[in-house]
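Trainee: I have just opened this one and would like to go through it with you. Could we begin with pockets and then move on to other topics?

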Amino acid sequence: MQNLRIFHVLSPKFFLFVVTFVQQQFSGRIAILLLSLISITAQAQIAVPSGAGATGSSGLPAGTALPQGVNASNLPTNVQQQIKGRSGQTQPGVRGRTSPTAQSRTTRQQSSSLTNGRVVSLTDTTDQGPQTDEEIIKAGAERAQRREGEEKRRKTFGYSLFNDPAMEKTFEPNLNIATPRNYVVGPSDQLNIQMYGYSEADFTQTVSADGNVYFAQATGVGPVYVSGLTVEQTKARIISRLSKRFVGLRSSSYGAQNTFLEVSLGGTIRSIRVTVTGDAVRPGTYTLSSLSTVMNAVYQAGGPNDIGSYRKVQLIRNNKVAATLDLYDYLLNGIQRNDLRLQDNDNIRFTTFLEKVEITGTVKRANIFEMIPGETLERLLFYAGDFAAQAYKNRLKVTRLTDREIKVIDVTTPEFKTFVMQDGDLVNVERLLERFENQVTIEGAVYRTGQYSLDNNRTLKQLITTAEGLKGDAFTGRITIVRTREDLAIENLSINLANVLAGTDPDITLQREDQVIIPSRFDLVQQATISILGEVNLPDPGMPYMANMTLNDVLLRAGGLKESAAASMVEVIRRKKDADPRSPSAQIAETFRFNVDRDLSINTDANRSFILEPFDQIIVRRSPNYAVQTYAFVAGEVIIPGSYPIRTKDQKISDLVVQAGGLTPQAYVEGATLIRPIKLSNEELKRRQKAIEEVADNAAKTVVETEVISSNTSEAIGIDLKRILAKPGSSEDILLQEGDTLRIPKLLETVRIQGEVQLPNTVKYRNGQTFQDYISQTGGFTSKSQRKRAFIIYANGSVDRTRKFMFFNLYPRVEPGSEIVIPKRSAVPLTAQQILGSTVGIAGSLLTLVTTLLLISRVQ
């Protein structure tokens with residue numbers, strides 16, 4: 001802290017330099033926080049002692065102005081006040097202190113820092129003037145001490161009992177109970193005095209301030225003093241006084257008792273005043289119900305404070321200790337021993353604790369417990385609820401405070417009963433080690449794998465017997481024991497189990513945490529499979545192989561043959577294991593072909609008893625004569641539209657029209673279209689996409705735009721149905737495929753014009769009109785029309801373009817249902833100036849060329 005003062009003591013200008021630097025390098029809350037920390041450190045030095053020179057009230061030289069860029073409003077409050085000269089004059093001879101100002105200042109400084117995830121206030125005091133560094137450190141130490149004390153108080157056993165608002169009703173006295181026989185009567189108590197039997201009377205009344213109850217003058221009894229008597233004693237005294245008037249209250253020479261009297265408390269219960277003193281949280285005088293007990297008052301006082309005792313709470317009555325309460329009896333055992341009913345002017349005194357011991361670790365209640373001198377570690381474990389299940393119970397570590405240092409004591413189990421605890425002891429209960437002291441494990445080819453006790457399985461043979469013995473596939477030639485040595489290193493032991501079981505080798509003694517692994521013979525070989533593919537109902541590329549498996553067995557497990565299977569072409573491909581690696585034509589596979597009967601029952605047929613070997617592959621071919629029925633569709637202007645079977649492989653479009661009954665009179669033959677579905681595999685899609693990318697590789701020269709390619713799509717095929725029907729079977733008459741759809745529209749009477757025309761429109765088709773006639777009906781071409789690129793899309797999907805002959809455009813013919821498309825010119829037309837400039841440039845180049853040629857000819 002002294003080092004932080006130096007910069008301000010050296011020069012006030014240096015302080016301003018630091019302020020300027022912080023504001024330039026940081027911004028927002030960070031700058032404000034740093035300036036606050038700087039001001040806290042330098043605050044005591046701003047007021048310079050007398051004789052130090054002419055300075056302003058801010059501690060800066062007189063007339064010193066803030067540096068450029070320093071805003072006084074961003075500085076902490078105390079610095080602003082000092083810069084404005086609002087602080088008082090420095091007291092002579094007092095370092096770091098200023099005299100009080102004319103008016104009090106109550107500005108609260110709150111500079112906080114983040115420590116361990118919690119905001120801890122650096123200063124939180126009323127500003128009565130600049131604080132010294134020692135005061136700041138002292139305030140911080142006091143706050144830390146308070147937090148530590150609060151945390152320690154929460155850990156003290158019993159704290160929650162007196163600080164839980166939910167338990168407030170628990171310690172209120174019950175006012176609805178029957179009259180206690182030992183209740184001491186006092187002034188203001190209402191007594192219900194009922195006499196019944198031979199004589200009946202009601203003498204209910206309230207005890208007067210002088211402790212008397214008064215009876216009617218007719219009784220001749222007068223006042224009866226009952227204050228300080230219990231209810232039973234009060235009843236006896238009243239009977240004694242009334243028996244002189246009512247002889248039936250007692251048995252006498254006049255006869256047996258025939259009148260009875262009962263005394264009970266009425267609805268009004270008097271209040272008493274009880275004083276709580278000593279080390280309580282809230283000592284003082286409390287007004288309680290006369291039915292209250294010591295525990296009611298203890299709760300009202302908040303229980304013991306930091307140094308108060310839970311084990312020795314004294315009830316002082318008439319200057320004597322009437323009872324001593326141990327609150328642990330109530331907290332641990334539920335026993336309310338010595339919880340006497342309070343009387344007026346009782347004093348409850350909380351004594352100071354003598355010993356407190358903390359226990360941590362794996363116990364059921366890890367708290368700070370108050371111990372009575374002489375109590376042992378065993379008693380502390382009782383208070384803590386004993387060990388938790390994971391606790392290490394053989395040895396506890398006790399940290400004890402000596403007169404000079406701290407020492408650690410190891411306490412073993414036999415010493416728990418005799419080891420006496422002392423104030424400040426810290427007992428730590430550790431957890432068990434994550435190790436098994438007597439476990440061995442067996443895995444692999446035994447009937448019951450798992451963990452077993454080493455106590456009952458000392459040797460390898462005993463462990464195998466406990467695991468119900470070896471399985472038939474156990475490989476006994478070499479087993480493995482994975483052993484953890486004492487230094488925790490793991491080693492591998494290889495054992496010939498067959499020799500151990502035969503007695504040739506000695507039995508193996510096991511150790512704790514040994515892991516016995518007995519492999520299976522099947523684990524040492526590759527898993528053999530059979531593959532069956534092709535025209536079977538349940539193809540299986542990885543059917544498990546079994547010994548003596550025949551061809552028909554596999555066909556049966558594959559669900560039998562499909563209808564499309566070629567039973568005479570069932571092949572079995574078998575790998576060759578002894579191929580000559582040096583022969584270029586060595587045979588690496590062998591093929592067996594069988595003619596399988598669809599009846600897979602067992603008989604003497606050699607083919608059906610063919611024994612398969614591991615990794616054989618069975619392929620059932622498709623019959624070449626088998627074909628699934630396919631269909632083509634006709635839609636539109638035919639007599640009977642619908643689907644029709646493709647009866648022959650060479651069936652064509654003309655045949656499909658005949659099957660549909662021919663065309664209707666409204667059929668527009670020129671607009672007929674054939675829609676064909678296209679199914680591409682993933683490999684075909686990749687090849688097509690790659691070919692397109694290769695064509696469009698040079699994007700600067702070539703641009704290729706295509707439709708999105710998908711595996712299932714349809715495309716329209718432009719056909720000339722008129723020629724097909726005129727000459728069936730010609731080259732125009734194409735073959736049908738599965739899923740083909742022939743669409744024949746009605747006679748179309750419109751033509752659509754779109755693109756770069758004045759007004760795109762759809763107009764009536766008129767026989768004999770030309771391409772330009774239809775363009776005229778839309779207002780003609782625009783200035784951006786690219787006429788030589790115009791084209792027509794016909795109703796059947798075919799396209800015809802404009803052709804060029806010398807300087808003339810030859811436009812295609814227009815038919816019903818056509819669509820005329822005029823493209824747009826993408827290039828910007830040249831202006832007159834650009835045309836003139838280009839012409840002059842070309843002319844100049846030509847003149848230069850001619851001049852050069854003339855010069856060359858003259859030289860020659």
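Trainee: About how much space lies in the largest pocket?

Mentor: About 410 Å³ of space lies in the largest pocket. Please keep in mind that this is a predicted model, in which local features need pLDDT of at least 70 and side-chain atom pairs count only at pLDDT 80 or more, while totals for chains, interfaces and linings use all residues. Residues are numbered from 1 along each chain as its sequence is written, and side-chain values use heavy atoms, with hydrogens and water left out.

Trainee: What counts as a pocket, and how is its volume taken?

Mentor: On a 1 Å grid over the protein atoms alone, a pocket is an open set of points where a 1.4 Å probe fits, with protein on both sides within 12 Å along at least five of seven lines, and lining residues have an atom within 4 Å of a point. Grid points are joined across faces, edges and corners, and the volume is the space filled by probe spheres set on the points.

Trainee: Which residues of the lining are closest to the centre of the largest pocket?

Mentor: Of the 26 residues that line the largest pocket, those closest to its centre are Lys152, Arg153, Thr156, Lys356 and Ile368.

Trainee: And which element supplies the largest share of that lining?

Mentor: Helix 5 does, with four residues. Helix 5 (133-155), helix 6 (159-162) and strand 14 (355-361) each supply at least two residues of the lining, where helices (H or I, at least four residues) and strands (E, at least two) are DSSP runs numbered from the N terminus.

Trainee: Changing topic, how many salt bridges does the structure hold?

Mentor: The structure holds 26 salt bridges, each being a side-chain nitrogen of Lys or Arg within 4 Å of a carboxyl oxygen of Asp or Glu. One of them joins Arg574 and Asp616, whose closest N and O atoms are 2.8 Å apart.

Trainee: Why does that pair tie together parts that are apart in sequence?

Mentor: Arg574 lies in strand 26 (residues 565-575), and Asp616 lies in the loop between strand 27 (589-594) and strand 28 (617-622), so the pair links parts that are 42 residues apart in sequence.

Trainee: Are Arg574 and Asp616 buried or exposed?

Mentor: Both are buried, which means under 20% relative accessible area, whereas exposed is over 50% and partly exposed is in between (1.4 Å probe, protein chains only). For another salt bridge, take Asp720 and Arg723, with the closest N and O atoms 3.2 Å apart; Asp720 is partly exposed at 24% relative accessibility, and Arg723 is exposed at 52%.

Trainee: Now the sheet: in what order do the five strands form it?

Mentor: The order is 25-24-28-26-27, in an open sheet with mixed pairing. Strand 25 (540-544) and strand 27 stand at the edges with a single partner strand each, so one side of each has no neighbour in the sheet.

Trainee: How do strand 24 and its partners run?

Mentor: Two strands pair if DSSP finds at least two bridges between them. Strand 24 (residues 529-534) runs antiparallel to strand 25, with three bridges joining them, and parallel to strand 28, with four bridges. Thr529 has Pro544 in strand 25 as its bridge partner, and Gly534 has Val620 in strand 28.

Trainee: And how many bridges join strand 26 to strand 28?

Mentor: Five bridges join these antiparallel strands, and Val572 stands opposite Ile618 in strand 28.
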